[in-house]
Amino acid sequence: MIKTKDKKTMAVILDKHKIFYGAVPKTACSSLKLAFFELENGFPFKPFVSNGRSRHIHNSGYATLPRAKYPEERIKDYFRVAMVREPISRFLSAYGNRVIAHKELSMYKAEEGLTQANLEPTPDLDLYIERFHEYRRAHPSILHHTRPSAFFLGTDASYFTKLYTPADMDQFVADIAERTGTTMTVGRAQTGGPKFKVDDLTRKQQNKIKKLYKEDYKTFGKFF
């Protein structure tokens with residue numbers, strides 16, 4: 001695990017190679033963190049339990065920082081990279097993985113939030129979109145995984161040395177290898193759940209999601 005001067009800042013920062021990776025949930029985030037961990041440490045990360053608490057790459061390896069908490073002075077002249085994803089695709093991925101696969105809106109995991117807002121547990125996609133503003137508040141993980149990419153990366157794309165999409169993964173790996181002298185292996189994590197497509201949505205639903213992520217389209221639209 002990376003050692004930082006600020007213990008609250010456990011982002012992916014490779015000081016030796018002057019690399020900073022800005023993570024965004026549901027944008028190859030887990031896969032890239034696991035790859036960076038192995039690159040930095042020479043061995044793969046393995047989840048474990050400490051004092052009864054599950055430890056995973058996000059709470060024991062690298063945190064996902066909002067843009068407002070970037071260690072600016074430390075990374076001011078670093079090779080700053082991030083990955084962006086078309087917002088509707090990212091939204092659907094979060095639904096399939098967090099709601100269906102991880103059951104984060106089941107009564108078992110979100111009873112308090114669901115009950116307070118009078119929400120149906122584990123909603124189908126139509127209901128989820130219809131009452132999204134309420135569902136995203138019913139469980140902290142749903143809120144985290146559906147925040148706009150701009151919340152994590154900011155609204156100035158030029159801040160980053162280079163931005164990629166998931167389709168650019170080979171180039172991402174090549175660029176990191178060029179700077180580290182080591183080729184990292186990027187697997188696929190958090191792939192559970194059904195796969196939905198934009199065409200599965202009505203035009204009205206698509207427009208609603210686009211409105212929710214208007215800042216992402218404005219800031220990163222040219223990359224999608």
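Author: Strands, in what follows, are DSSP runs of E of at least two residues, numbered from the N terminus. The model is a predicted one.

Reader: In which strand is the place of S50, and is S50 buried, exposed or partly exposed?
Author: S50 belongs to strand β3, which spans residues 48-50. Buried requires under 20% relative accessible area and exposed requires over 50%. With a relative accessible area of 24%, S50 is therefore partly exposed.

Reader: What separation is found between the C-alpha atoms of S50 and I142?
Author: Along the chain, S50 and I142 are 92 residues apart. Their C-alpha atoms are separated by 25 Å.

Reader: In which helix is S60 found, and does S60 count as buried or exposed?
Author: Helix α2, residues 57-60, contains S60. The limit for a buried residue is under 20% relative accessible area. The relative accessibility of S60 is 11%, so S60 counts as buried.

Reader: How far apart are the C-alpha atoms of S60 and M10?
Author: The two residues are 50 residues apart along the chain. The separation of their C-alpha atoms is 8.6 Å.

Reader: Which residues touch the most other members of the largest nonpolar core, and which element gives the most to this core?
Author: This core has 23 residues, and those touching the most other members are Y21, L32, F36, F172, I176 and M184. Two or more residues come from each of β1 (12-14), β2, α1 (29-41), β5 (79-83) and α10 (169-180). The element that gives the most, with 6 residues, is α1.

Reader: With which residues is F36 in contact, leaving aside its neighbours within four places in sequence?
Author: Contact here requires heavy atoms within 4.5 Å. With those neighbours set aside, the contacts of F36 are V12, L14, Y21, Y62, F172, I176 and M184.

Reader: How many residues does the other core have, the one that lies apart?
Author: Among the members of this other core are L114, F132, L201 and Y213. Its number of residues is 19.

Reader: What is the volume of the largest cavity, and which strand gives the most to its lining?
Author: The count of cavities of 30 Å³ or more comes to 1. The volume of the largest cavity is about 40 Å³. Its lining is made up of A11, V12, F20, Y21, G22, A23, A63, T64, L65 and Y70, which divide into 8 nonpolar, 2 polar and no charged residues. With 3 residues, the strand that gives the most to this lining is β2 (residues 19-22).

Reader: Which residues of helix α11 are buried, and why are they on the same side of α11?
Author: In helix α11 (residues 203-212), the buried residues are Q205, Q206 and I209. They lie on the same side because the arc they cover around the axis is only 100°. The face turned away from this buried side carries the exposed residues R203, K204 and K211. What covers the buried residues includes α4 (87-101) and α6 (125-130).

Reader: Which loop holds N51, and what is the phi of N51?
Author: N51 is placed in the loop between β3 and β4 (53-55). N51 is exposed, because its relative accessible area is 83%. Its phi is positive in a residue other than glycine, with a value near 55°.

Reader: Where does N118 lie, and is N118 buried or exposed?
Author: The loop between α5 (107-116) and α6 holds N118. N118 has a positive phi of about 55°, although it is not a glycine. With a relative accessible area of 64%, N118 is exposed.

Methods:
Residues are numbered from 1 along each chain as its sequence is written. This is a predicted model: local features need pLDDT of at least 70, side-chain atom pairs count only at pLDDT 80 or more; totals for chains, interfaces and linings use all residues. Side-chain values use heavy atoms; hydrogens and water are left out. Buried means under 20% relative accessible area, exposed over 50%, partly exposed in between (1.4 Å probe, protein chains only). Helices (H or I, at least four residues) and strands (E, at least two) are DSSP runs, numbered from the N terminus. The arc is that of the directions from the helix axis to the C-beta atoms. On a 1 Å grid over the protein atoms alone, a cavity is a set of points where a 1.4 Å probe fits but cannot get out, and a pocket is an open set with protein on both sides within 12 Å along at least five of seven lines; lining residues have an atom within 4 Å of a point. Grid points are joined across faces, edges and corners, and a volume is the space filled by probe spheres set on the points. Ala, Val, Leu, Ile, Met, Phe, Trp, Tyr, Cys and Pro count as nonpolar, Asp, Glu, Lys and Arg as charged, and the others, Gly among them, as polar. A nonpolar core is a set of buried Ala, Val, Leu, Ile, Met, Phe, Trp, Tyr and Cys residues joined through side-chain atoms within 4.5 Å.
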